[in-house]
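Hi,

Here is the structure I promised to pass on to you. Please have a look at it first, and then read my notes below.

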Amino acid sequence: MYLITKNDVKKIAKALEEKYTLYGPYLDADFGQCFFDKVTSDTVNLNAPIPANPPKHVVFPHLETIMQYKYDKNARKADIAMVFDDTPKALFGLRSCDLTGLQCIDRFFLGQEFVDEVYRHHRSRMFIVANTCVVPFKQCFCVCTDSGPAAQEGYDLNLTDLGDSYLLEVGSPKGKAFIESFTFAPATQEHLKQKQKIVEKSITMFDDIATESKAWVSRVMNRVTTGFIKEEIWEYIGNQCIECGACSYVCPTCTCFNINDANTMSGDTVRLRTWDSCSYEGYSRMAGGHNPRKPIEDRRNKRFFCKLSYSQSKKYLRPGCVGCGRCAWVCPGDIGLPNVVTYIRREIHE
Amino acid sequence: MSYMPGVCTFCGTGCGHYLKVSGTSVQGVFPSRVHPVSKGRLCVRGWNIHELLGTHERITRPYVRDSGEVTYRDAIATLVSALSSYKPEEIAFLASPRSSNEDNYALMKLARLVFKTNNISIQAESGHRNSLDVLYKGTGFAGMLGSLEDIRKAEVLIVAGMDITTQNPIIGSELHYAARSGSLLITIDSRMTKIAKLSKKFINIKPGTMRQVFDAIAYYMDTQQWGNTKSAHYEEYKKYLATVPFDAIEKETGVLQSEIAFVAERLAKAKSAAVFFTSGISGLSHDTVASIFNLFVLADKIGKEGCGVNPIAGINNLQGSFDMGCAPDLLTGFQSIDDAVVRKKFEKKWKDQLPASKGKTVEELLSNNSSPLKALVIVDHDDGIVRFSERLKSLPFVAYIGSFTNKVAVYAHVVLPVTTYIETDGTFTNAERRVQLSSQKCNPAFDVLPMWKLIDAIAEAMGKPFNYEHASDVMDEIASLTPAYEGISHKLLSKKHGVQWPCTKDNPGGTKYCVPHNVAFVLPQKPYAAVQVTQEYPYLLMVGKAQHYWHQNNIMHKTFIPLREYNATLLLYPDGYVAIAPEDAKKIGVRDRWPVKVVAQKAEMKAMVMISDDVAPGTAYVPYFIREGIASFLLAYSDIVSQGEEATIPVRIEKV
Amino acid sequence: MSEQKIVTVPEIATIEEIKDEIVDVKTFYLRFDNKEIDGNFKFKSGQFIMCTVFGAGEFAVSLPPSPENDRFHITVRRIGKVTNALHDLEVGDKVGIRGPFGNGFPFEEIKGKNVIYVAGGIGLIPLRSSIVHVLQHRQDFGRILLMYGSRSPQDLMYQYMLEEWQKIEGFETFITVDNGTPEWKGNVGIITTLFDKVEIPVDNTVAFVCGPPVMFNAVIKELMQRGIKDDMIISTLERHMKCGVGKCQHCAIGRTLVCTDGPVYTYRQIKTLGEQI
């Protein structure tokens, strides 16, 4: 635990940049939208609002080649090679919701019966610097899903803005080894208390969407798990879904993907893995047209079951929602997760 | 730092997005939160546009049929020598509603100035042109009168016969938002669409009776004396309304008089109201658009905030293509080629004479086997044109210009590749007249030219160079010749989410909603032609392409997820289908995906049955498929099919 | 936690022989190019593989051969883009194989029981493996019955096998078609009509059911009415799959994944999945 200056924060970024590809929040120069993407130690902006996109794309790209092959029909010969990306990556200034999301994806891709090799390579050489949310944003409700505003685990280093300086916490041996090359001033228990105060204050600043739902997320989870939700609720939710897939694409924990082979002009074929969404009609449709999940309400039901049921939480070891609120602002309907919780809650009230 | 702002180019909504660009490849997409129209949303197509931009099905080298892959110089030389050997009336240009304004303008100039022909058109002519004609006649503005940004300000919103959440999902989302916050959303349709389910009022009409329903609402409004009687041609319009069979309206259209009265009253008494209807190939007929427009004139909902008569373009630059004069009778900004003063202005700027007489559309020239057409230049077109495959094969010269491989290209003697829209600068005009700049995001992935540059090279080879250094030069020329675009330049548009025309030098901020100097009722051209079923032909066949097959088909085929979602029915019914109600299927004795014969008076076709609750009993629905059997059927009824969404043909359906 | 398995690249296999079964259905006999695997490909009856058709894509397909003493093959209906491409291949062409995946049939638990197979149309393909296995271990089971129905005599799968099976003593086979032909001498009627003609064991009996959803539901009803318990009815489900290893989630039904938890389920499990079959 150290007390460092803002300039020291930049030094850390600079040092990381030398060994890793640096990813972090930055503001788009034209319109000021915040993204989490490749940055330099000069462009990374820890004061930027919560990034529009979660860091998921760093380890699970929107579109990636996972295999390449060439089949020579005349020689009857097939050459196959997997394509992996194991460049070292540093995620700098990760907010706690996104860090929790990354942990969920880890547990899903790495902690089940089968290990996803493509993901494992992406994740294999990664350094994580988390950033405590001193002020929550309008959309946030991580306090309802136990994933913020401060990161508890999973980071190598954690930063908390104490006003005139930063509190630097070390969360792993890798983080400890990295920080050894610096001569930072140690922090005291006083500083840690100061951080706790800041976090407590941050919690009081959440918007209505979080404060109203706080106790409800767990009650709704109970309902979703046991299935005691009226058909009409799903129908109401389903009617509002225009099947854009945005909720899955912006969700820090959604991992559904599609695989397609595309023939390139050089005669090779690439196997592409792209994001997919359970809200799409074609998602569960089988060749020949039979679709066990045709009605839209069945598909909506599937997503919220995935995010809010105990049985699904088992694979993440926590709820599938991390309270980042992104699904609410990209939804063309009115069925972001907080609203769905509200609809179900209203039903419980009645 | 690889997310670069841009404009989605699937449909006419013109949503703002960011493309994740690395080198020359696009690896992802993300919505723009601050874009005034899309506000952080995208639809399934928009969310997967990188699949298209990353396709391997690109045209990478110029090609001449007898020589194979050649240099641009040789390909252009072949094109120029072929085209110069024909008379102007034998040459035609098929422009693409997907090209940027700069590209379309350059093509239009090439046709008129260099090859002296007015035979230039886009294929998706009928629907949007009908809308623009009516709006231009009635208000002097050839574009959407309202604004998508204003949807939330309207008290009453009407969606007329459009599956808007499928065609332009983000506009559908805006309507839904408005409805949630208190606007009265009314859907008038013969199918139970998603927007119908989200509406507070759904008025289910018999197919083909949209015009009657709107006239009936106007009739009721007028008899209650709620209407505005001050606009020009009111007296004639009143006479026309007297012919509306109001007493028989339920029998004719399936709509109760009380429902008509409800809409009339709410519409007349609201402070603001807007109507949305589909445009493009399956748009509405001139007279139906006129009926809708006239109702809004009568309700006095023109030229005010939150009001508008809003045709919705399904293709990203459909509006822009008309603005750029890609029509046989139009120069830029809906200026008529017949107008000698306008012609003079262009001749002065272009320093040469222009052909004065109106040209013909490519569709007219192709469908009429005795037309003089000999040489055709096609830009980025989809399989829709393939239904004229016989004629295309017989043409002495066809050239194809485009970025992606395409079934049409096989008919071409010369193929000229061009960049995709992210590899050059260009502007696109969305359905609400918003001109947006899409900046170049990467170098061309292959050694290919942007289209505006290619066109310039062709002009140069003909000895009349346009001398464009940059795409912004093209826009500057457009601005100098087009009053509505007068204030627009790439400089003005940079770092901005576009400007809505009319945008003049004095009004660089553009115009959100059009305020006409004079508003006039637009009188219908034809009497009602109610199609009736007979004992011999007991089903009313609707012809449409809205949901299933549209201009975007060509590009949709190069994606994975949009293809899976939007062309689902195409994948399941690869040879086309006719949709009928479950009870009718029982009557005919067929099950889903069984083959049937659809017989009409003039033609017949084979298709698979699709059983659907969306189709009312007694009606059948066939999408605008380009399969040979269906194509020849539709050609026999091309006069009816050209009416677009309302087209109906009495048929009988036989089990095979 | 059990040892974590790793998702591998496809193994290359050669098409040795192609057999036309019925319209649009072909059987492909395959031989692995890797000598260590060929003839030694370990799988359980009821499992499936992911098959790559080079240049077209990958699809999931059940394994019809018995794990022991049976020629390795897959039987595929031409239905989508990838299976169409497979049907266009010739003998000598290569395909890629990943797997086997899934749980397989619970033979240990059903030892000593009577076994009824009820199949509709191409639903016989995934059951073939189990049938051959059970016949190979005849002594471990009680009565063995097959009730098989298809739309017409031309739609009967594995006709050469059916003929052989009918000759096996103690293997009670009943075949029916929805629409007969003049040459057809057997039963005519939908599969449930067989239930009135066959004396079906109920106690100590397990039923394997596979076929199109309409047939499946009708058969289940008949079996339950006769007193066969829902946990004694076993089926194998088909879902849209992309990865085969529980990652893409396309085959999720409620809390289970067909690829890793299935594809073999008891009807008791299927009932609680809360989705159409």
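Asp24(C) sits in the loop that joins β2 (11-20) and β3 of chain C; helices (H or I, at least four residues) and strands (E, at least two) are DSSP runs, numbered from the N terminus. Its phi is near 70°, a positive value in a residue other than glycine.

Before you go further, please note that this is a predicted model: local features need pLDDT of at least 70, side-chain atom pairs count only at pLDDT 80 or more, and totals for chains, interfaces and linings use all residues. Residues are numbered from 1 along each chain as its sequence is written, chains are lettered from A and ligands numbered from 1 in the order in which they are written, and side-chain values use heavy atoms, with hydrogens and water left out.

Staying with chain C, the domain assignment gives domain 1 (11-101) and domain 2 (108-272); such bounds come from an automatic or database domain assignment. The contact between them (heavy atoms within 4.5 Å) takes 26 residues from domain 1 of chain C and 24 residues from domain 2 of chain C. Over C-alpha atoms, the centres of the two domains are 22 Å apart. Together they bury about 1900 Å², 54% of it on carbon and sulfur atoms. Buried area here is the accessible area (1.4 Å probe) that two parts lose on being put together, summed over both. On the domain 1 side, Ile22(C), Phe48(C) and Pro64(C) lose the most area to domain 2 of chain C, together 25% of what that side buries.

How many salt bridges cross this domain interface? The rule, a side-chain nitrogen of Lys or Arg within 4 Å of a carboxyl oxygen of Asp or Glu, finds one. Asp70(C) and Arg128(C) form a salt bridge, with their closest N and O atoms 3.0 Å apart. The side of domain 1 of chain C that touches domain 2 of chain C divides into 11 nonpolar, eight polar and seven charged residues. In this scheme Ala, Val, Leu, Ile, Met, Phe, Trp, Tyr, Cys and Pro count as nonpolar, Asp, Glu, Lys and Arg as charged, and the others, Gly among them, as polar.

Now to chain B, which has 25 helices and 24 strands. Its C-alpha trace spans about 70 × 65 × 50 Å along the principal axes. With 656 residues, a compact globule would have a radius of gyration near 26 Å, and the 24 Å of chain B agrees with that; the radius is taken over C-alpha atoms, and the globule rule is 2.2 Å times the number of residues to the power 0.38.

Chain B meets chain A through 49 residues from chain B and 54 residues from chain A. The two chains bury about 4100 Å² between them, 60% of it on carbon and sulfur atoms. Four salt bridges are counted between chain B and chain A. Asp37(A) forms a salt bridge with Lys20(B), the closest N and O atoms being 3.1 Å apart. β3(B) gives the most to the side of chain B that touches chain A, with six residues. By class, that side of chain B has 22 nonpolar, 13 polar and 14 charged residues.

Finally, two peptide bonds to look up. The bond from Gly148(A) to Pro149(A) is cis, with omega near 5°, and Pro149(A) is in the loop between β8 (126-131) and β9 (157-161) of chain A. The bond from Trp501(B) to Pro502(B) is also cis, with omega near 0°.

Best wishes
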